[in-house]
Amino acid sequence: MRLRVLVIPAILFIIWFFLPSTLFLIDRDEVFSHVSPDKKYTAVVYRTKIISPYSFYKLLQNENYYFILYGEDQRVVFKPSMFYGTSDLGASDGIEFVYNEKHYLFYPGKNGYESFELNK
């Protein structure tokens with residue numbers, strides 16, 4: 001009985017400790033957006049808040065910006081991992097649309113740039 005009383009708060013503490021603030025984005029956290037050349041997609045960049053030790057760590061690492069890619073009808077087309085984060089410079093200069101034979105969204109990742117193909 002005593003063990004159960006300790007386990008539940010310990011599990012809740014661990015969940016809170018690693019809780020990413022990207023789960024709780026609201027419109028007023030929006031900083032700016034990038035619009036695709038054909039105006040079909042918009043990458044909206046949000047500044048995350050500190051809600052847990054993990055989100056505070058992301059702030060200290062200068063990775064407190066997150067983006068979501070929306071389509072024409074404002075539906076979510078793509079979201080990076082909920083643990084993704086980038087700097088303000090990476091979000092403003094690093095997120096870009098590249099249109100050639102295929103259409104891509106490039107964004108800064110841990111090891112350079114990552115991409116998402118828009119015409120799947």
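A word on residue classes to begin: Ala, Val, Leu, Ile, Met, Phe, Trp, Tyr, Cys and Pro count as nonpolar, Asp, Glu, Lys and Arg as charged, and the others, Gly among them, as polar. This is a predicted model, in which local features need pLDDT of at least 70 and side-chain atom pairs count only at pLDDT 80 or more, while totals for chains, interfaces and linings use all residues. Residues are numbered from 1 along each chain as its sequence is written, and side-chain values use heavy atoms, with hydrogens and water left out.

1. Let us start with the cavity. Searching the whole structure turns up 1 cavity of 30 Å³ or more. Here a cavity is a set of points, on a 1 Å grid over the protein atoms alone, where a 1.4 Å probe fits but cannot get out. Points are joined across faces, edges and corners, and a volume is the space filled by probe spheres set on them. The largest cavity holds about 70 Å³ of space.

2. Who lines it? The largest cavity has 13 lining residues, and Ser-21, Thr-22, Thr-48, Lys-58 and Tyr-84 lie nearest its centre; a lining residue has an atom within 4 Å of a point. By class, the lining of the largest cavity is made up of 5 nonpolar, 6 polar and 2 charged residues.

3. Helices (H or I, at least four residues) and strands (E, at least two) are DSSP runs, numbered from the N terminus. Thr-48 counts as buried because its relative accessibility is 13%, where buried means under 20% relative accessible area, exposed over 50%, and partly exposed in between (1.4 Å probe, protein chains only). Leaving aside residues up to four places away in sequence, Thr-48 touches Ser-21, Thr-22, Leu-25, Asn-64, Tyr-65 and Tyr-66; contact means heavy atoms within 4.5 Å.

4. Next comes Asn-64, which is one of the contacts of Thr-48. You will find Asn-64 in the loop between α2 (53–60) and β3 (65–70). With a relative accessibility of 10%, Asn-64 counts as buried. Not counting residues up to four places away in sequence, Asn-64 touches Tyr-46, Arg-47, Thr-48, Lys-58, Leu-59 and Thr-86. Asn-64 and Arg-28 are 36 residues apart in sequence, and their C-alpha atoms are 15 Å apart in space.

5. Now to the sheet that contains β3. Its 4 strands form an open sheet in the order β1-β2-β3-β4, with antiparallel pairing; two strands pair if DSSP finds at least two bridges between them. At the edges are β1 (30–35) and β4 (76–78), each of which pairs on one side only. From one strand to the next the twist averages 35 degrees. The axes behind this angle are lines fitted to C-alpha atoms (for helices over the stretch in contact), and angles run from 0 to 180 degrees between N-to-C directions.

6. Thr-42 in turn has Tyr-70 as its bridge partner in β3, and the antiparallel pairing of β2 and β3 covers 6 bridges. Further along, 2 bridges join antiparallel β3 and β4, with Val-76 of β4 as the bridge partner of Tyr-70. A hairpin with 5 residues between its strands is formed by β3 and β4, and Gln-74 in the turn has a positive phi of about 65 degrees.

7. Which way do the side chains of β3 point? Tyr-65, Phe-67 and Leu-69 point one way, Tyr-66, Ile-68 and Tyr-70 point the other way, and all are buried. In a regular strand the side chains alternate between the two faces of the sheet. Overall β3 is mostly covered, with 6 of its 6 residues buried.

8. Finally, there is an open sheet of 3 strands, ordered β5-β6-β7 and paired in the antiparallel sense. Its edges are β5 (96–99) and β7 (112–117); each has a single partner strand, so one side of each is left without a neighbour in the sheet. Neighbouring strands of this sheet are turned by 35 degrees against each other on average, direction ignored. Antiparallel β5 and β6 (residues 103–109) pair over 4 bridges, and Glu-96 has Phe-106 as its bridge partner in β6. Between antiparallel β6 and β7 there are 6 bridges, and Gly-109 has Gly-112 as its bridge partner in β7. Together β6 and β7 form a hairpin with 2 residues between them.

Conventions
On a 1 Å grid over the protein atoms alone, a cavity is a set of points where a 1.4 Å probe fits but cannot get out, and a pocket is an open set with protein on both sides within 12 Å along at least five of seven lines; lining residues have an atom within 4 Å of a point.
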